[in-house]
Amino acid sequence: MNPGFSIPESVTAAEVEKAIKLGAIRRGWTTKEIKPGLIQATYVKGSYTACVDIAYTNKSWGIEMNPKTNMKNADGTVNPKYNQWVRNLAHDIGKELQIICTTR
């Protein structure tokens, strides 16, 4: 699952970064800025680690699986929990962006 989303024109890259970090933290993920426009988020539960790279600009953002994720099955499929966790993360980031857009 690699969700990607567009952003309303009035939002800055700094606001997108803030929304990503807040959405991740609220959902229990830790974040680390790799470079401007790229945040790595990690969620650990038991023996599972979900790690994603979140690329963003002031126009769009998207989530891609990072190789540090240990949730791939022997047959190459991904554990359904990974997709659920990433879907929840994307939802929370979207909510934070909505808050930014409506409080302007």
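This report describes the aromatic pairs and the cysteines of a predicted model.

## Basis of the values

Local features in this predicted model require pLDDT of at least 70 and side-chain atom pairs count only at pLDDT 80 or more, while totals for chains, interfaces and linings use all residues. Residues are numbered from 1 along each chain as its sequence is written, and side-chain values use heavy atoms, leaving out hydrogens and water.

## Aromatic pairs

Rings of Phe, Tyr and Trp (its six-membered ring) are paired if their centres lie within 6.5 Å; planes under 30 degrees apart are stacked, those over 60 edge-to-face, and the rest tilted. By this rule there are two aromatic pairs. The ring centres of tryptophan 29 and tyrosine 43 are 5.6 Å apart with planes at 35 degrees, so this pair is tilted. Tryptophan 29 belongs to the loop between α1 (13-26) and β2 (30-35), and tyrosine 43, 14 residues apart from it, to strand β3 (residues 38-45). Helices (H or I, at least four residues) and strands (E, at least two) are DSSP runs, numbered from the N terminus.

Tyrosine 43 also pairs edge-to-face with tryptophan 85, at 4.9 Å centre to centre and 65 degrees between the planes. Tryptophan 85 lies in helix α2 (residues 80-102) and tyrosine 43 in strand β3, so the pair ties together parts 42 residues apart in sequence. Trp29, Tyr43 and Trp85 form one aromatic cluster.

## Burial and cysteines

Buried denotes under 20% relative accessible area, exposed over 50%, and partly exposed in between (1.4 Å probe, protein chains only). Tryptophan 29 and tyrosine 43 are both buried, and tryptophan 85 is buried as well.

Cysteine 51 is buried at 1% relative accessibility, whereas cysteine 101 is partly exposed at 28%. Zero disulfides (pairs of cysteine sulfur atoms within 2.5 Å) are found in the whole structure.
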